[in-house]
Number of protein chains: 2
Amino acid sequence: MSDNDWLASTPAPPYTAVIFTSRRTEADDEGYASMATTMDALARQQPGFLGVESVRDNDRIGITVSYWESAEHAQAWKQATTHLGAQRLGREKWYSAYQTRIAVVERAYDTDSSPLA
Amino acid sequence: MSDNDWLASTPAPPYTAVIFTSRRTEADDEGYASMATTMDALARQQPGFLGVESVRDNDRIGITVSYWESAEHAQAWKQATTHLGAQRLGREKWYSAYQTRIAVVERAYDTDSSPLA
């Protein structure tokens, strides 16, 4: 892994961001980790996948942002059969609460860009 | 704090999301924590502020998403004098790298919404 693998290398806007904020229950760390690895690998093979950034803290609060060429690509991943099964388990046992937001990225800048861009 | 204070309670879309992904350096945990608390309090007083969700993991990778009524409100906070000073210190010593994305949230659903909405 390069030093910046935690940062998604996205193209110039516009593109779609799916912001998923969640709190993990105390249940089934092993099953959850295994599914997360599988879903990450499958998402990367989906058409229109641009990248993902994901963080979870010691309070089990997590934010995962996945980036897609379009809202249609993001929606296709949401409806993928393997992913639907994971979402069901998420609702049933892995997440005590979550929120998903679908957004269109219109502007972006990074460490090397003008801070006032 | 209520159980769901980690989740921003945002209105029906559209609204603006500022996605800030960063890696903290090893430097100055105390100064950083103090500034983060100050900036959080100031952001909450800004016109158009809707909420914020923020997570940082043990690898010092963080994602903070702040929500605003409009891109103009988000931009005004970016340009606020006190915030500009914090951004400068962020670039100089607190962050080894970061990316900021400004996005328009078009759809949202949560634990209680239809999973296929």
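A salt bridge here is a side-chain nitrogen of Lys or Arg within 4 Å of a carboxyl oxygen of Asp or Glu. By that rule, the structure, a predicted model, holds 13 salt bridges over all chains. One of them brings together the side chains of A:K93 and A:D28, with 3.3 Å from N to O. A:K93 sits in helix α3 of chain A, while A:D28 belongs to the loop between β1 and α1 of that chain, so this pair ties together parts that are 65 residues apart in sequence. A:D28 has another feature to look at in the backbone: its phi is positive, about 60°, although A:D28 is not a glycine. Most residues other than glycine have a negative phi.

Next comes the contact between the chains. Chain A puts 48 residues into it, and chain B puts in 48 residues as well. Between them the two chains bury about 4300 Å², and 57% of that is on carbon and sulfur atoms. On the chain A side, the residues that lose the most area to chain B are A:W6, A:R101 and A:Y109, which together make up 16% of what that side buries.

How the two copies sit relative to each other comes down to a rotation. Turning chain A by 180°, with 0.0 Å of shift along the axis, superposes it on chain B with an RMSD of 0.0 Å. That is the relation of a two-fold axis. The copies meet through the same surface, because 100% of the interface residues of chain A are also interface residues in chain B.

As for polar links, there are 24 residue pairs in polar contact between chain A and chain B, counting pairs with both residues at pLDDT 80 or more. Several elements of chain A give two or more residues each to the side that touches chain B: β1 (15-24), β2 (49-56), β3 (61-68), α2 (71-79), α3 (81-94) and β4 (95-110). The largest share comes from β4(A), with 15 residues. Sorted by class, that side of chain A has 23 nonpolar, 14 polar and eleven charged residues. The rule also finds two salt bridges across the interface. In one of these, A:E53 pairs with B:R101, and the closest N and O atoms are 3.1 Å apart.

B:R101 turns up again in the strand pairing, where it is the bridge partner of A:A108.

A:P13 and A:P14 are joined by a cis peptide bond, with omega about 5°, and A:P14 lies in the segment before β1 of chain A. In chain B, the bond from B:P13 to B:P14 is cis too, with omega near 5°, and B:P14 is placed in the segment before β1 of chain B. Most peptide bonds are trans.

Conventions. Residues numbered from 1 in each chain as written. Chains lettered and ligands numbered in written order. Predicted model: local features only at pLDDT ≥ 70, side-chain atom pairs only at ≥ 80, totals over all residues. Heavy atoms only, no water. Contact = heavy atoms within 4.5 Å. Buried area = accessible area lost by both parts, 1.4 Å probe. Polar contact = N/O pair within 3.5 Å; in protein donor to acceptor, adjacent residues only side chain to side chain. Helix = DSSP H or I, 4+ residues; strand = E, 2+ residues; numbered from the N terminus. Nonpolar A, V, L, I, M, F, W, Y, C, P; charged D, E, K, R; others polar. Pairing = 2+ DSSP bridges. Least-squares fit on C-alpha atoms with pLDDT ≥ 70 in both.
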